[in-house]
Amino acid sequence: MLRHIKSILTIIFGAAIYAFGLTYFVVPHHLFEGGATGITLITYYLFNIPISVMNLIINIPLFILAWKIFGAKTLYSSLLGTISLSIWLAIFEKIPLNFNLEGDLVIVALVAGVLLGLGLGIIFNAGGTTGGTDIVARILNKYTNISVGKLLFALDFLILMLILIIFQDLRLVTYTLLFDFIVSRVIDLIGEGGYAGKGFMIITQKPMEVADKINEELGRGVTFISGQGYYSQKDLKIIYCIVARNEMIKMKELIHTIDPKAFITITEAHEILGEGFTFVKEETS
């Protein structure tokens, strides 16, 4: 029950951040947006239909789609996110605030991107959506390996091309693309969690020495993976280790000090769960 209440409050909070950025940074500078929000902005700029009202109208068929794909629970979360967004938009529409950024659209795009990305990331992590192409992106994410952020960026790009044809304002669309890219990256960063790093795969003639040094100087755990060299047909102990991003340079120097000929591959570890990262190793007495 407590967890359910927490999810509800989290979605409402995320919707508030998203609505704040949209109302006070996107709309005043006549920027656009992709997806369903982009369509609500088109109707607002052309016909002055309130975004809070149009947001509800345009999402009705998408609620049905979410129910078909994800079931009633996700439909509830989608409804909660969309209704919360419309309520917050209606509230902020009545509260006049002016942030004087002296027409600097680069700063506007940066702030709008961070706020909208933060809001959407919080909502997604709580299992909700704000409707619109958020639903479409989550459906595609379910059946592909493409991140939600990148899918949103692609869908937004398509809508923005439509906006460009209608309004023929390349300058504002370009700034919108900038802040949409920031939105997608912020969503991915939040979705990946606070613990990200680098994965090292090391093939060396001195696996024990390297492993001891990693454990001693970096305090990181090491896993040996059994392998075999194709040409030499010799058995190998391949080292696999995850380190924090700021430890990457030290890790490479450490390996090369012991074995300058070591073969190393470095990969992104988008989210790390476990000892040394998400919980501290317990001391044994």
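Predicted model: local features only at pLDDT ≥ 70, side-chain atom pairs only at ≥ 80, totals over all residues.

Reader: Nice. Which ring does F20 pair with, and how are the two arranged?

Author: F20 pairs with F92 in an edge-to-face arrangement, with 5.7 Å centre to centre and 85° between the planes. F20 belongs to helix α1 (residues 2-26) and F92 to helix α4 (residues 72-93), so the pair links distant parts of the chain, 72 residues apart.

Reader: And F92, buried or exposed?

Author: F92 counts as buried, at 11% relative accessibility. F92 also forms a stacked pair with W88, at 5.6 Å centre to centre and 25° between the planes.

Reader: How far along the helix are W88 and F92 from each other?

Author: About one helical turn, because they are four residues apart in helix α4. W88 counts as partly exposed, at 25% relative accessibility.

Reader: Which residues make up the aromatic cluster?

Author: F20, Y24, F25, W88, F92 and F99 form one cluster. The structure holds 12 aromatic pairs.

Reader: Switching topic: what does UniProt list as transmembrane region?

Author: The unreviewed UniProt entry lists residues 7-27, 47-67, 74-93, 105-127 and 148-167. In the model, residues 7-27 are 95% helix and 0% strand, with the end C-alpha atoms 29 Å apart. For residues 47-67 the figures are 86% helix and 0% strand, with 31 Å between the end C-alpha atoms.

Reader: Last one: where does K237 lie?

Author: K237 lies over the face of F224, at 5.1 Å from the ring centre.

Definitions and conventions. Residues numbered from 1 in each chain as written. Heavy atoms only, no water. UniProt positions renumbered as here; feature names shortened; annotations may be inferred. Helix = DSSP H or I, 4+ residues; strand = E, 2+ residues; numbered from the N terminus. Phe/Tyr/Trp six-rings, centres within 6.5 Å; stacked < 30°, edge-to-face > 60°. Buried < 20%, exposed > 50% of the residue type's maximum accessible area, 1.4 Å probe, protein only. Lys NZ or Arg CZ within 6 Å of the ring centre and 35° of its normal.
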